[in-house]
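Subject: Structure for you to look at

Hello,

Here is the structure we talked about. Please open it first, then read the notes below it.

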Amino acid sequence: MGWRNGTGILRVGGGAVPVEIAASYRARARGLLGRDGIDGAMLLTPCGSVHTFRMRFAIDVAYLDRDLTVLAVVPGMRPGRLGLPRPRARHVLEAEAGAMERWGVRPGVRLTVDAPVTAGPDRAA
């Protein structure tokens, strides 16, 4: 099963946050470039590292494993930075700086995303 580009709802604890999903190469490469901010978060999938070159604002970055459990959070990554690759990371969640702390996103927390996914071989399309 894989993700599709689109929108969904990120669930953290009891809260819900709008999330944009970037699953294609083009959508992941574009990410948050050229924007002045984001309402909610962006999930890059698959993804193991990010950069903030040509970005206009600082972001929080959460590295997630295949089960959407937070492996690490990098708060306030400023424009022009290169994030360290995380070998176990399969997804990356990006949001405006300060958002992850407000939402309770920290290592060990498991997130859920309600969004369309591509059907696997044993599922109907």
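Buried means under 20% relative accessible area, exposed means over 50%, and partly exposed is in between (1.4 Å probe, protein chains only). The model is predicted, so local features need pLDDT of at least 70 and side-chain atom pairs count only at pLDDT 80 or more, while totals for chains, interfaces and linings use all residues. Residues are numbered from 1 along each chain as its sequence is written, and side-chain values use heavy atoms, with hydrogens and water left out.

The structure holds 3 salt bridges (a side-chain nitrogen of Lys or Arg within 4 Å of a carboxyl oxygen of Asp or Glu).

- Aspartate 114 pairs with arginine 11, with the closest N and O atoms 2.6 Å apart. Aspartate 114 is in strand S8 and arginine 11 in strand S2, 103 residues apart (strands are DSSP runs of E, at least two residues, numbered from the N terminus). Arginine 11 has a relative accessible area of 35%, so arginine 11 is partly exposed.
- Arginine 35 pairs with glutamate 20, with the closest N and O atoms 2.7 Å apart.
- Arginine 56 pairs with aspartate 36, at 3.1 Å between the closest N and O atoms. Both arginine 56 and aspartate 36 are exposed.

Which side chain of opposite charge is nearest to aspartate 60? It is arginine 102, 6.7 Å away; aspartate 60 is buried and has no salt bridge (Lys and Arg count as positive, Asp and Glu as negative; His and the chain ends are not counted). The side chain of aspartate 60 does reach the backbone nitrogen of glycine 76, at 2.8 Å.

Regards

How values were computed:
Polar contact = N/O pair within 3.5 Å; in protein donor to acceptor, adjacent residues only side chain to side chain. Helix = DSSP H or I, 4+ residues; strand = E, 2+ residues; numbered from the N terminus.
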